2 protein chains.
Amino acid sequence: MPQGQVTTVPQDGLTTRQRRRQAVLAVHTGHGKGKSTAAFGMALRAWSAGWPIGVFQFVKSEKWRVGEEAALKALGQTGGATVAWHKMGEGWSWIQRAGTERDHAAEAAEGWAQIKRDLAAETHRFYVLDEFTYPMKWGWVDVADVVATLADRPGTQHVVITGRDAHPDLLAAADLVTEMTKVKHPMDAGRKGQQGIEW
Amino acid sequence: MPQGQVTTVPQDGLTTRQRRRQAVLAVHTGHGKGKSTAAFGMALRAWSAGWPIGVFQFVKSEKWRVGEEAALKALGQTGGATVAWHKMGEGWSWIQRAGTERDHAAEAAEGWAQIKRDLAAETHRFYVLDEFTYPMKWGWVDVADVVATLADRPGTQHVVITGRDAHPDLLAAADLVTEMTKVKHPMDAGRKGQQGIEW
């Protein structure tokens, strides 16, 4: 845990107070566990600060994150800050579909388009773009567009992006990058995931 | 995110269902961010699973984790699983003090003694021992006692221990070890911590 001591003072013309209020772009990457989990842990702090939260899950499995979703939605219903939870896996909530056919690349692009609209409108103050590194990696979402949009986002909107193999341009644009490395995992010993721990 | 495929099948005489219900000891270590944050993110899943949660914070600053504490306590008051939150920084809640003098080594030992009582009584089902690596490192809590107690804990009580420099014996005993590595941090660029992001 950093002790609040900075190693350099930037020549940005800002006061410490202004610098404290700068929007943060964080990336949790690496092949270890805890990338998304830490992002949802950050959402606890954001919620406590009274910030509306928007979660966009770029994942296909509906089992993943159900625990975090239930808990954060429960928090969002206590009368404090709101929590909006959008899942690509079930088809984004804002999209009316005629059929059941799926084009994951198009869905990912639709998710990013909605995030751009929300950022422009300052809909939320804390965003979790869960597993968003993959659509970037697979070319479903344009990396340059993501970096430029995030660099130009208005107000103080904090964004956390999770997933393996984060693009170098995204890492360069981020304020905070943490790599989670697997040292040991129960599955190495033949144990399967379990409710309450894995989801 | 592991896909649920195990690499070996253990010769432990257990069914997959039994193995799924084994208690997990997880350690989040390394010098990067997200160790505690991921532990509190795991607590969201535990809460959703209906498991009583016990948090023991072996830290002295009262500013740390206030966001997570407020949010998890709010969850604990929704009528679902309970959340008990104990802080060494304010003097453990179960101890009546005559004076204000502090002996951190004794306080840490008192914290561990309470954890042992709670484990024996199966008071909680998910424990966060936040920054517990430090009292172990400093000799305030006996490492062999911790490892033996956790190995013999009854029932299905999951334990997550966070902090830098985890003792090798603790890592050997753990089922899940993740190392968080700092790649880039805003303080490197002279930015200080801010509410909602750092606490």
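## A buried alanine to start from

A residue counts as buried when its relative accessible area is under 20%. A:Ala43 has a relative accessible area of 0%, so A:Ala43 is buried. Keep in mind that what you're looking at is a predicted model.

You'll find A:Ala43 in helix α2 of chain A. Setting aside neighbours within four places in sequence, A:Ala43 is in contact with A:Ile53, A:Leu72 and A:Phe126. Now look for A:Val160: A:Ala43 and A:Val160 are 117 residues apart in sequence, yet their C-alpha atoms are 9.4 Å apart in space.

## Chain A as a whole

Let's step back. Chain A has seven helices and six strands, and along the sequence they follow the pattern α-β-α-β-α-β-α-β-α-α-β-α-β. Of the 199 residues in chain A, 53% are buried. The accessible surface of the chain comes to about 8400 Å², and carbon and sulfur atoms hold 49% of that.

How much of the contact in chain A, counting separations of 6 or more, comes from residues 24 or more positions apart? Those pairs account for 76% of such contacts. A:Gly50 lies in the loop between α2 (35–48) and β2 (53–57) of chain A. Is A:Gly50 buried or partly exposed? With 44% relative accessibility, A:Gly50 counts as partly exposed.

## The nonpolar core

In soluble globular proteins, nonpolar side chains tend to be buried together. Here, the largest nonpolar core has 48 residues, and those with the most contacts inside it are A:Leu72, A:Phe126, B:Leu72 and B:Phe126.

Take A:Phe126 for a closer look. Leaving out residues up to four places away in sequence, A:Phe126 touches a list of residues that includes A:Ala39, A:Met42, A:Ala43 and A:Ala46. Also among them are A:Trp51, A:Pro52, A:Ile53, A:His158 and A:Val160, plus B:Ile197 from chain B.

## Helix α3 of chain A, wrapped up

Eight of the eleven residues of α3(A) are buried, so this helix is largely enclosed by the rest of the structure. The buried ones are A:Gly67, A:Glu68, A:Glu69, A:Ala71, A:Leu72, A:Ala74, A:Leu75 and A:Gly76. What covers them? The cover includes α2, β2 and β3 (83–87) of chain A, together with α2 and α3 of chain B.

## Where the two chains' helices meet

Start with α3 (residues 66–76) of chain A and α2 (residues 35–48) of chain B: these helices pack at an angle of about 85°, with axes 7 Å apart. That angle makes α3(A) roughly perpendicular to α2(B). On the α3(A) side the contact involves A:Gly67, A:Glu68, A:Ala70, A:Ala71, A:Leu72 and A:Ala74, while α2(B) brings B:Gly41, B:Leu44, B:Arg45, B:Trp47 and B:Ser48. The residues of this contact divide into six nonpolar, three polar and two charged.

α3(A) also packs against α3 (residues 66–76) of chain B, at an angle of about 90° and with axes 10 Å apart. Once again the arrangement is roughly perpendicular, this time of α3(A) to α3(B). A:Ala71, A:Ala74 and A:Leu75 of α3(A) make the contact with B:Ala71, B:Ala74 and B:Leu75 of α3(B). The residues here divide into six nonpolar, no polar and no charged.

Definitions and conventions:
Residues numbered from 1 in each chain as written. Chains lettered and ligands numbered in written order. Predicted model: local features only at pLDDT ≥ 70, side-chain atom pairs only at ≥ 80, totals over all residues. Heavy atoms only, no water. Axes fitted to C-alpha atoms, helices over the stretch in contact; angles between N-to-C directions. Helix = DSSP H or I, 4+ residues; strand = E, 2+ residues; numbered from the N terminus. Parallel < 35°, antiparallel > 145°, perpendicular 65-115°, else oblique. Contact = heavy atoms within 4.5 Å. Nonpolar A, V, L, I, M, F, W, Y, C, P; charged D, E, K, R; others polar. Core = buried A, V, L, I, M, F, W, Y, C linked by side-chain atoms within 4.5 Å. Buried < 20%, exposed > 50% of the residue type's maximum accessible area, 1.4 Å probe, protein only. Areas by Shrake-Rupley, 256 points an atom, 1.4 Å probe, with all protein chains shown as cover.
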